[in-house]
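Open the model in a viewer and keep the sequence panel beside it. The stops below say what to select next and what is there.

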Amino acid sequence: MKLPDLVILDEKDKRLRLISKEVVFPLSNEDKKRIQDMLDYLKISQIDDLREKYNLRAGMGLAYIQLGIAKRIFVIVDEVDEGQFENYIVINPKIVSNSEELIYVGEGEGCLSINRETEGIVPRYARVTVEAFDIEGNPYRIRVREDLAIAFQHEIDHLNGILFTDKIDPKNPYKNMENMREI
Ligand code: NI
């Protein structure tokens with residue numbers, strides 16, 4: 001698999017702070033190709049040999065705005081089993097319900113736009129139900145949990161100009177952790 005030629009914005013780029021706009025269907029062929037490129041990029045980043053070959057960081061999700069395009073589109077690639085990948089294409093998403101339970105990633109959240117060490121935890125719902133559209137504009141509803149739920153919430157934040165580091169209190173980066181479950 002060839003590495004798609006994507007330029008991912010760094011957190012210093014102000015475009016990451018834009019509120020992305022709702023997408024109107026049908027998508028152009030250019031958008032469809034870009035979505036496939038994003039999925040390929042994430043998959044490559046999760047395969048050890050290829051990640052090293054291309055000198056990448058592993059990523060699970062990528063939002064359009066990270067390429068500088070303010071449209072409400074993101075993709076997620078979830079390695080469900082060794083070498084088994086599940087792709088998600090999520091357009092115009094809305095969180096329609098969430099669990100009360102909160103979780104956080106014990107080793108810290110990551111983002112392909114944040115190229116430094118970070119400290120602290122990001123509270124996320126353990127489960128969310130999301131309504132969205134697929135690449136052809138068909139509506140669907142999905143319930144996600146655990147790391148996949150975190151990935152969805154992280155990417156939806158990108159569509160609203162929010163980075164995970166915004167959610168960490170620099171004075172108390174582990175605030176309220178006793179009220180959440182570590183994953
Ligand atoms: Ni991110």
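## The largest pocket

By class, the lining of the largest pocket comprises 11 nonpolar, nine polar and nine charged residues. Here Ala, Val, Leu, Ile, Met, Phe, Trp, Tyr, Cys and Pro count as nonpolar, Asp, Glu, Lys and Arg as charged, and the others, Gly among them, as polar. This is a predicted model: local features need pLDDT of at least 70 and side-chain atom pairs count only at pLDDT 80 or more, while totals for chains, interfaces and linings use all residues. Residues are numbered from 1 along each chain as its sequence is written, and side-chain values use heavy atoms, with hydrogens and water left out.

The largest pocket holds about 760 Å³ of space. A pocket is found on a 1 Å grid over the protein atoms alone, as an open set of points where a 1.4 Å probe fits, with protein on both sides within 12 Å along at least five of seven lines; lining residues have an atom within 4 Å of a point. Grid points are joined across faces, edges and corners, and the volume is the space filled by probe spheres set on the points.

Select A58, M60, G108, E109 and G110: of the 29 lining residues, these are the closest to the centre of the largest pocket. Strand 2 and helix 3 are the elements that give two or more residues to the lining. Helix 3 gives the most, with five residues.

## Helix 3

Select residues 146-159, which make up helix 3. Helices (H or I, at least four residues) and strands (E, at least two) are DSSP runs, numbered from the N terminus. Helix 3 has 14 residues and reaches 21 Å from its first C-alpha to its last, close to the 20 Å expected at 1.5 Å a residue; the expected span is 1.5 Å times one less than the number of residues.

Is helix 3 mostly covered or mostly uncovered? Helix 3 is mostly covered, with 12 of its 14 residues buried. Buried means under 20% relative accessible area, exposed over 50% and partly exposed in between (1.4 Å probe, protein chains only). Among the buried residues are L148, I150, Q153 and E155. After helix 3 comes G161, whose phi is positive, near 75°.

## The nickel ion

Which protein atoms are the donors of the nickel ion? They are C111 (SG), H154 (NE2) and H158 (NE2), lying 2.1 to 2.3 Å from the ion. Donors are N, O and S atoms within 2.8 Å of the metal (3.2 Å for Na, K and Ca); water is not among the atoms, so sites may look incomplete. The donor residues are spaced C-x42-H-x3-H in sequence. H154 and H158 both lie in helix 3, four residues apart, about one turn of the helix, and both are buried.

## Aromatic pairs

Rings of Phe, Tyr and Trp (its six-membered ring) pair if their centres lie within 6.5 Å; planes under 30 degrees apart count as stacked, over 60 as edge-to-face and the rest as tilted. The count by this rule is three aromatic pairs. Select F74 and F152: their ring centres are 5.6 Å apart and their planes at 85°, so this pair is edge-to-face. F74 lies in strand 2 (residues 73-81) and F152 in helix 3, so the pair ties together parts 78 residues apart in sequence.

F74, Y88 and F152 form one aromatic cluster.
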